[in-house]
Amino acid sequence: WEMQDFSCAMIAPDGGLVALAEDNPIHIFPTTYSLNAIKEKFGDDIHPGDLFMINDPYVLGGHMNDTSHLYPVFANGREAFWLSIRVHYADVGGMAAGSITPEATEIYQEGVCIPPTKVFEAKEPNDAFLDLFFANVRVPEERRGDFMAVVGACWTAEKRLLEILQTHGVEKVEQCVEFLRDKA
């Protein structure tokens, strides 16, 4: 957050942007592509409490430090919205501290490339993946702290969004979202 490289958004199930925190819009726009990649890979295997992570620059553009985390919010037994948090991790491995170097001649030198991956399933961590990821970064305790901040942000946002959906009704909120998207 100190580097202003932390972006949050709410996305409709069709991938359309619903709301964006004041930050760097170019950081969040590629999230549509990552959501499409997640849905293509996982299909119907997307459930409440799942958290997905991706930093593949061929999907997201940019560099591998910018990592997207997507979290589905379910209401009335169906996918209602997605929460997206894109974070610049200070290091994702590779040949140089910070994972960025002009000496890199191939993507593998830039760090760990993460395809669409389910990193939490029903709010339970995928320890095998997380162990692999944190074993390949410098200062893993800081990266773990960054990651857990994202997890906490997703769970807090889900709680707040569900309060809104319960207060006003899912259909009414979806109608408001469609109205805003049409006007945008």
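Predicted model: local features only at pLDDT ≥ 70, side-chain atom pairs only at ≥ 80, totals over all residues.
Is Asp14 buried or exposed? Asp14 counts as exposed, because its relative accessibility is 54% and the cut-off for exposed is over 50%.

**Stop 1: Asp14 and Arg181**

Asp14 and Arg181 form a salt bridge, with the closest N and O atoms 3.1 Å apart. Asp14 sits in the loop between β1 and β2, and Arg181 sits in helix α6, so the pair ties together parts 167 residues apart in sequence. Arg181 counts as partly exposed, at 25% relative accessibility. Asp14, Glu178 and Arg181 are linked in a network of salt bridges.

**Stop 2: Lys39 and Glu79**

Select these two side chains next. Lys39 and Glu79 meet in a salt bridge, 2.7 Å from N to O. Lys39 belongs to helix α2 and Glu79 to strand β5, so this pair ties together parts 40 residues apart in sequence. Lys39 is partly exposed, with a relative accessible area of 25%.

**Stop 3: Arg138 and Asp91**

Move on to Arg138 and Asp91. Their side chains meet in a salt bridge, 2.8 Å from N to O. Arg138 lies in the loop between α4 and α5, Asp91 in the loop between β5 and β6, 47 residues apart. Asp91 counts as buried, at 4% relative accessibility. Arg138 is partly exposed, at 31%.

The count for the model is 10 salt bridges.

**Stop 4: Helix α5**

Select residues 140-168. This is helix α5, with 29 residues. Helix α5 reaches 42 Å from its first C-alpha to its last, close to the 42 Å expected. Colour its buried residues, among them Phe147, Cys154 and Leu161. Finish just after α5, at Gly169, which takes a positive phi of about 90 degrees.

Technical notes:
Residues numbered from 1 in each chain as written. Heavy atoms only, no water. Helix = DSSP H or I, 4+ residues; strand = E, 2+ residues; numbered from the N terminus. Expected span 1.5 Å × (residues − 1). Buried < 20%, exposed > 50% of the residue type's maximum accessible area, 1.4 Å probe, protein only. Salt bridge = Lys/Arg side-chain N within 4 Å of Asp/Glu carboxyl O.
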